[in-house]
Amino acid sequence: MVGQVIVSGVLSGALYALVALGLALIFGVMRVINIAHGPLLMLGAYVTFFLYSRLGLNPYLTVPVAMAALFVVGVLLQRTLVFRVVDAPELSSLLLTFGISIALVNLAQNLFTSDLRAVEYLTESWSVGPLSVSKARVIAFVFALGLTGGAFLFLKTTRLGKAIRATSQSREVALVCGIDVGRIHMLTFGLASALAAAGGALLAVIVAIQPEMGGVWTFKSFLVIVLGGAGNYPGALLGGLLLGLVEQLSSLFLTTQLSEVVAYVLLVLVLLVRPSGLLGGRQT
Amino acid sequence: MRLARAAVLPALGVALLALACYPLVGTGYGVRAALQVFMWIALAGSWNLISGLTGYVSFGHVAFFGAGAYTGAILIASRGWSWPAAALAGGAAAIVLALLIGYPCLRLKGPYFAIAMLGLNEVLRALVSYFEGLTGGGNGLSLPTLDATRPIYYVMGALAAAVTALTYAIITSRFGLRLMTIREDEVAAEAMGIDTFRHKLAAFLLSAVGPGIAGALTARDQGYIEPLSVFPLAVTVTMIVMVLFGGKGTVWGPVLGAVALFVIQEIVWARYPYVHPLLFGAIIVAVVLLMPRGVLGLLQLRYRLPRTI
């Protein structure tokens with residue numbers, strides 16, 4: 001039983017890490033708390049749903065399409081609205097992105113209706129000894145781990161990735177070094193939206209899709225980046241796995257509904273004891 | 001200026017008298033709408049006390065509203081309390097919650113406080129759904145029928161007036177000056193000998209009472225509550241946008257913002273029901289980007305108005 005719980009915790013943890021990494025990037029680079037992160041994930045899930053149900057594409061092949069589509073949406077959002085609240089007090093970015101968030105959800109309600117949608121693909125599970133794991137979750141785990149790793153590699157090794165990290169460490173110095181900070185902000189928001197979209201596309205195969213599915217993901221991503229340390233990108237992976245395990249363990253020993261409460265208590269404790277996250281500092 | 005100041009009190013008196021007589025002549029819709037405006041004034045004014053004055057963004061203030069609503073509703077429905085007593089209990093419950101949450105969370109800085117408050121809201125919703133026996137869980141809680149809209153109108157109106165009067169009293173006091181010092185520069189405030197934590201906590205407790213009472217009154221007036229109806233993030237955002245629209249950290253800003261935004265929302269709601277959230281989102285974005293100081297803030301900047309407006 002505990003083994004099963006740990007396996008499910010780790011499986012969902014990688015997905016949390018993937019989605020939260022986007023939020024962590026935006027916060028790290030722009031100090032913007034993006035409430036619209038969950039709704040962007042929701043849009044990604046709809047891309048997968050429509051490509052699967054209308055064109056019959058394999059849902060896993062739609063992941064890059066969803067990422068590309070939401071990259072564009074993210075860049076446009078940053079270009080038109082979000083750039084105005086970079087460096088503004090947190091109240092402005094919270095409210096602005098909340099406004100974007102309800103607008104996106106409402107748009108989805110009008111365009112796609114509020115009906116629950118599902119991508120019925122890979123519904124069976126594998127059983128290994130006493131454990132049984134759903135195939136869709138395992139594949140989502142592999143994809144999430146791969147994409148998170150790819151994003152780390154991108155940030156660590158490419159020129160653009162280095163420029164992003166430089167901007168998050170010090171905007172002024174980055175500017176002095178000839179980095180086009182405005183462009184970096186735009187690309188960061190696009191990349192973050194693409195990561196959320198990837199999470200949404202993978203989730204589409206696992207859970208029901210509806211316009212309000214994103215809200216809880218915004219909250220969970222906050223938990224993850226606080227646990228891992230805001231601005232500390234590898235921390236997101238640790239935070240994601242931790243949140244996955246905490247949720248699953250508390251649903252085993254308490255109930256599923258209280259897992260959020262446990263995670264929240266953990267959040268406040270971490271904020272108080274180690275405000276810079278479990279891994280500490282902004283080791284970008 | 002002196003003439004203007006002399007006119008303020010009589011004008012206020014006339015306005016209050018008119019509002020007091022209104023239920024005698026008003027339609028059912030009118031009284032109900034005015035009741036809602038009072039509720040929003042109380043909520044927006046309360047948020048202004050903590051966030052407008054100290055700069056600590058309470059992004060989950062609706063949690064106190066919801067806590068008051070559930071406390072009041074449970075006491076009325078299963079203990080048979082009268083609604084005025086239940087309203088006071090709702091306020092008390094909100095204070096207790098604020099103490100529990102403020103004690104750890106007010107030590108957090110900037111965005112982390114906002115995130116912790118946002119989380120609080122989600123957690124309360126989860127807790128309410130969990131304790132089904134007491135709260136009815138996701139099915140909600142129905143109160144015995146009682147038509148008390150008119151008496152609640154007066155109590156809610158008194159609450160709105162009390163919150164506004166409290167704001168005036170605080171802004172004109174040394175306590176208020178210290179809060180605003182914290183907002184401008186917390187380290188400097190500390191260096192000047194202000195016990196910043198205790199001041200923030202006091203402001204936080206005061207800002208929780210109004211929403212708690214308003215929550216219990218609203219639960220009684222509507223006769224039915226459920227987790228989604230009393231803990232929506234949209235309510236927090238609405239009160240914040242009202243304060244921003246009117247002017248953060250002012251006495252009359254929340255009142256002005258509540259009335260203006262309520263009227264706008266009613267019109268939009270009636271005309272465009274399907275895209276109402278979209279338009280609300282646009283209003284939020286417009287207020288944040290175009291008028292972060294609010295109407296009164298702009299007026300204060302342009303004409304040398306007193307700080308106590």
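Student: How many residues does helix α12 of chain B have, and how far does it reach from its first C-alpha to its last?

Tutor: Helices here are DSSP runs of H or I with at least four residues, strands are runs of E with at least two, and both are numbered from the N terminus. The expected span of a helix is 1.5 Å times one less than its number of residues. Helix α12(B), residues 233-246, has 14 residues and reaches 20 Å, close to the 20 Å expected. This is a predicted model, in which local features need pLDDT of at least 70 and side-chain atom pairs count only at pLDDT 80 or more, while totals for chains, interfaces and linings use all residues. Residues are numbered from 1 along each chain as its sequence is written, and chains are lettered from A and ligands numbered from 1 in the order in which they are written.

Student: How many residues of α12(B) are buried?

Tutor: A residue is buried with 20 or more other C-beta atoms within 10 Å of its own, exposed with 12 or fewer, and partly exposed in between; the C-beta atoms are placed from the backbone. In α12(B), 13 of the 14 residues are buried, and the helix is mostly covered. Just after α12(B) comes G247(B), with a positive phi of about 135°.

Student: Is L43(B) buried or exposed?

Tutor: L43(B), which is found in helix α2 of chain B, residues 28-54, counts as buried because it has 32 C-beta neighbours inside 10 Å. Two residues are in contact if their C-beta atoms, placed from the backbone, lie within 7 Å. Leaving aside neighbours within four places in sequence, L43(B) is in contact with F65(B), G210(B), P211(B), A214(B) and M239(B). L43(B) and I240(B) are 197 residues apart in sequence, but their C-alpha atoms are 9.1 Å apart in space.

Student: Where does R150(B) lie?

Tutor: R150(B) lies in helix α7 of chain B, residues 149-171. With 13 other C-beta atoms within 10 Å, R150(B) is partly exposed. Residues up to four places away in sequence not counted, R150(B) touches P23(B) and V31(B). The C-alpha atoms of R150(B) and H276(B) are separated by 29 Å, and the two residues are 126 residues apart along the chain.

Student: At what angle do helices α5 and α8 of chain A pack?

Tutor: Two packed helices are described by the angle between their axes and the distance between the axes. Axes are lines fitted to C-alpha atoms, for helices over the stretch in contact, and angles run from 0 to 180 degrees between N-to-C directions. For α5(A), residues 135-157, and α8(A), residues 181-204, the angle is about 170° and the axes are 10 Å apart. That makes α5(A) roughly antiparallel to α8(A), the term for angles over 145 degrees.

Student: Which residues of α5(A) and α8(A) meet?

Tutor: From α5(A) come A140(A), F143(A), A144(A), L147(A) and A151(A), and from α8(A) come L195(A), A198(A) and L202(A). The contact has eight nonpolar residues, no polar and no charged. Ala, Val, Leu, Ile, Met, Phe, Trp, Tyr, Cys and Pro count as nonpolar, Asp, Glu, Lys and Arg as charged, and the others, Gly among them, as polar. In α8(A), 20 of the 24 residues are buried, so this helix is largely enclosed by the rest of the structure.

Student: How do strands β1 and β2 of chain A run?

Tutor: Strands pair if DSSP finds at least two bridges between them. Four bridges join β1(A), residues 125-128, to β2(A), residues 131-134, and the strands run antiparallel. S125(A) stands opposite S134(A), and V128(A) stands opposite L131(A). The hairpin has two residues between the strands, and G129(A) takes a positive phi near 60°.

Student: What is phi in R31(A) and T113(A)?

Tutor: Most residues other than glycine have a negative phi. Phi is near 60° in R31(A) and about 65° in T113(A). R31(A) lies in the loop between α1 and α2 of chain A and is buried, with 20 other C-beta atoms within 10 Å. T113(A) lies in the loop between α4 and β1 of chain A and counts as exposed, with 11 C-beta neighbours inside 10 Å.

Student: How many residues does the contact take from chain A and from chain B?

Tutor: The contact takes 32 residues from chain A and 35 residues from chain B. On the side of chain A that touches chain B, the elements that give two or more residues are α4 (90-112), α9 (215-228) and α11 (259-273). The largest share, 15 residues, comes from α4(A). That side of chain A divides into 23 nonpolar, six polar and three charged residues.

Key
Angles under 35 degrees count as roughly parallel, over 145 as roughly antiparallel, 65 to 115 as roughly perpendicular and the rest as oblique.
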